[in-house]
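Dear colleague,

I am handing over the structure below, and after it you will find an account of what came out of going through it. Please read the account with the structure open beside you.

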Amino acid sequence: MRIVLTALALLALALPAFTALARADEAVLRVGDQRGNARALMEAAGVLADLPYRLDWSEFPAAAPLLEALNAGAIDAGGVGDAPFTFAAAAGVPVKAFLAFRNRQDGLAILVAKDSPVKTVADLRGKSIATNRGSIGHQVVLAALEEAGLPAGAVTLRFLPPADAKIALASGSVEAWATWEPYTSTAELAGLARVVRDGNGITPGLSFAVASDAALTRKRALLADFGRRLVAARDWALKDPAPYAALWSKLIGLPEAVPLRWFARAQYRAVPIDEAVIADEQRNIDLYVRSGLIPQARAPKADAILDRSFAPAAVAVR
């Protein structure tokens, strides 16, 4: 009996420490970033100076590994395009979008070499295109093929990360590369490629701040605060992208002309998760079902994976 009582007494003494550790964990927001995007933006805008919690950044080369980290519980939240978010949700990743952004799609494009005989999407029939599986590059290929009246099987897709896809295009082992920023602006400014079709008019130009179901439950206040700061930073950069471009250039190590071209034409802006956003996300889901990439039985409903409770009440949006 004495041993049991002693053990209970020790457990009682340990409980405050365990509670403190849990509270400490809840005072940390772990955010995934792609190529310095949100981090550089928020630092340049000066919106991170008075954080009442710790913000831990993790850098990822693309959305797919970011979402894998979120699924594994390594991060709480991150920024991703609509295409990888849709695939992750369909694969059962416990993730929802809590902020939405729209942008022009000049930088989401199917690129070919400068001297390529390919002039239109129809010219790509029977040719190979490099892109990331489930990425917005994959999305623009499917949308462009539909627009041209071609089936998804009219081209051969080679699923490669951006660095390998760039090499494949330069070496001629693929005829085209479907990619996004900053890769598009980098290739254009270097004179390495030209655009056959961009995403304007065929893709919705949506991106999201997403979080795991666990973070949406346990770290809701932190996510709301982070969201307000991110929206404020986006609004600041929309008015004048030059300071953001300068910091991004130093952080990533690419010429300042690259982010200036990207940010000036993208015109990123926060929007409410409203009926228009839900409808566009549902069209994304339907596109992947038609293409056979998401089985109908596993296709999510857009309104079930978009959390509207953060906007506009919890986060000021334009």
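Two strands are taken to pair if DSSP finds at least two bridges between them. With that criterion in hand, strand E4 (residues 95-102) and E10 run antiparallel and are joined by 7 bridges, and within this pairing Leu99 stands opposite Ala209 in E10. Please bear in mind throughout that this is a predicted model.

As for the protein overall, its secondary structure comes to 13 helices and 11 strands, and 52% of its 318 residues count as buried. Among contacts between residues at least 6 apart in sequence, 82% join residues that are at least 24 apart.

The sheet that holds E4 and E10

E4 and E10 belong to an open sheet of 6 strands, which has mixed pairing and the order E2-E1-E3-E10-E4-E11. At its edges are strand E2 (54-60) and strand E11 (269-271), each of which pairs on one side only, and from one strand to the next the twist averages 30°. Helix H2 packs on this sheet, where it touches strand E1 (28-34) and E2, and the direction of H2 makes about 110° with that of E1. Helix H12 (residues 275-290), for its part, lies across E4, E10 and E11 and runs at about 90° to E10.

A polar atom of the Ser212 side chain lies 3.1 Å from the backbone nitrogen of Ala215. If residues up to four places away in sequence are not counted, Ser212 touches Leu70, Asp76, Pro94 and Val95.

The sheet of 5 strands

There is also an open sheet of 5 strands, again with mixed pairing, in the order E7-E6-E8-E5-E9. Strand E7 (156-159) and strand E9 (193-198) stand at its edges with a single partner strand each, and therefore one side of each is left without a neighbour in the sheet. Here the twist averages 30° from one strand to the next.

How many bridges join strand E5 to E9? E5 (residues 109-113) runs antiparallel to E9, and 5 bridges join the two; along them, Ile110 stands opposite Arg197, and Ala113 stands opposite Ala193. Although E9 is an edge strand, E9 is mostly covered, with 5 of its 6 residues buried. Helix H6 (residues 162-171) lies across E5, strand E6 (128-131), strand E8 (176-179) and E9, and runs at about 155° to E8.

In the loop between E5 and E6 is Asp115, which is exposed, with a relative accessible area of 69%. The C-alpha atoms of Asp115 and Arg194 are separated by 8.9 Å, while along the chain these two are 79 residues apart.

Helix H11 and Arg265

Helix H11 covers residues 257-266 and includes Arg265. The buried residues of H11 are Val258, Pro259, Trp262, Phe263, Arg265 and Ala266, and they pack against helix H2 (37-45), H7 and helix H10 (242-252). After H11 comes Gln267, whose phi is positive, near 55°.

Arg265 has a relative accessible area of 17% and is buried. Its side chain makes a polar contact of 3.3 Å with the side chain of Ser185. Leaving aside neighbours within four places in sequence, the residues in contact with Arg265 are Arg104, Asp106, Gly107, Glu181, Thr184, Ser185 and Glu188.

The second largest pocket

Which residues lie nearest the centre of the second largest pocket? They are Pro162, Ala163, Lys166, Trp177 and Tyr183, out of the 15 residues that line this pocket. The elements that give two or more residues to its lining are H6 and helix H7 (183-189), and the space in the pocket comes to about 250 Å³.

With best regards

How values were computed. Residues are numbered from 1 along each chain as its sequence is written. This is a predicted model: local features need pLDDT of at least 70, side-chain atom pairs count only at pLDDT 80 or more; totals for chains, interfaces and linings use all residues. Side-chain values use heavy atoms; hydrogens and water are left out. Helices (H or I, at least four residues) and strands (E, at least two) are DSSP runs, numbered from the N terminus. Axes are lines fitted to C-alpha atoms, for helices over the stretch in contact, and angles run from 0 to 180 degrees between N-to-C directions. Contact means heavy atoms within 4.5 Å. A polar contact is a pair of N or O atoms within 3.5 Å; within protein, one must be able to donate a hydrogen and the other to accept it, and residues adjacent in sequence count only if both atoms are side-chain atoms. Buried means under 20% relative accessible area, exposed over 50%, partly exposed in between (1.4 Å probe, protein chains only). On a 1 Å grid over the protein atoms alone, a cavity is a set of points where a 1.4 Å probe fits but cannot get out, and a pocket is an open set with protein on both sides within 12 Å along at least five of seven lines; lining residues have an atom within 4 Å of a point. Grid points are joined across faces, edges and corners, and a volume is the space filled by probe spheres set on the points.
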